[in-house]
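Have the structure open as you read.

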Amino acid sequence: MPQKIINGATLDVNDEGYLTNHAQWTRPIAAALAQELGITLADAHWKVIEFIDKDFKEKGVVPGMRRMNKIGGIPTKDLYALFPDGPIKKAAKTAGYPKPASCV
Amino acid sequence: MSDHPDKIKKVSIIVSRGSLEGVYPGLIMANGARMEGIDDSLFFTFLGLYAVLKKYMGHIKIATVGNTAMRVPDAKGFPLPTFLGALPGMSAFATAMMNKEMAKLNIPPIPEFVEMIHDTGGKLYACKATVDMFHLTKEDFCPQIERVLTVGEFYVLSAGGQIIFT
């Protein structure tokens, strides 16, 4: 299994760079992962990450767009502005969760 | 993933059918494209136009007559005989069943889905030939429709991308 080093911590990741062990995830690591995607995390990003975190712990999957809208209260437009070009994938990666496996 | 040289960058999706099973695939592919960072346009033509007509977009149904793939009570059930499919309320019933399954997967109803795709940055267009044929005006369309296009304009707009017909 590939690994990568961020802030001196060794992380287990898959071939696409998604963390495979969420226990290794920390907020500074999230910031570094986002930076790799060209994103500087602000409060609005954290709101998304925190919702994914909460929802994943509840449901065991990364929430889709509609759940982000309806349950998380995050409008589609905002999500695309915060994490451009593939918002759920990028947000899930930053939050230390797997690549979303849903079509919608 | 993101750096693959052959990555699709742009798609134009044509929605030509007006039944539930005719409209959803195009919408799912359009939304899915944006989720992958692919630019997209949706072009609604012929009966597919009903998916973006304010008055009708919320009432799109599954065809239970002449639909040989139709099974009851669920997707692995028995083939639905055409004469039963013709019973009043059959189409509404089948539509309600499918909507329930889709809601479980968090697939939005058509009006909400159209709005969502628009919010993702997807562009929606209506086909001029159909608009003329159906005597439609701007007021008939949902606000997410960018404008009416001729086929020629559609090809210009699709340059450099993939065209998907549904």
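The notes below cover the model, the interface and a strand pair.

## Ground rules

This is a predicted model, where local features need pLDDT of at least 70 and side-chain atom pairs count only at pLDDT 80 or more, while totals for chains, interfaces and linings use all residues. Residues are numbered from 1 along each chain as its sequence is written, chains are lettered from A and ligands numbered from 1 in the order written, and side-chain values use heavy atoms, with hydrogens and water left out.

## Where B meets A

On chain B, 17 residues are in contact with 19 residues of chain A (heavy atoms within 4.5 Å). About 1,600 Å² is buried between the two chains, with carbon and sulfur atoms giving 58%; that's the accessible area (1.4 Å probe) the two parts lose on being put together, summed over both.

There are four salt bridges between chain B and chain A (a Lys or Arg side-chain nitrogen within 4 Å of an Asp or Glu carboxyl oxygen). One of them links B:E112 to A:K70, with the closest N and O atoms 3.7 Å apart. On chain B's side, α1 (20-35) and α4 (110-119) each supply at least two residues, and α1(B) gives the most, with five (helices are DSSP runs of H or I, at least four residues, and strands are runs of E, at least two, numbered from the N terminus).

## A strand inside chain B

Five of the six residues of β1(B) (10-15) are buried, so this strand is largely enclosed by the rest of the structure (buried means under 20% relative accessible area, 1.4 Å probe, protein chains only). β1(B) pairs with β2(B) (39-44) in the parallel sense over six bridges; strands pair if DSSP finds at least two bridges between them. Look for B:V15, which sits opposite B:F44 in β2(B).

Technical notes. Buried means under 20% relative accessible area, exposed over 50%, partly exposed in between (1.4 Å probe, protein chains only).
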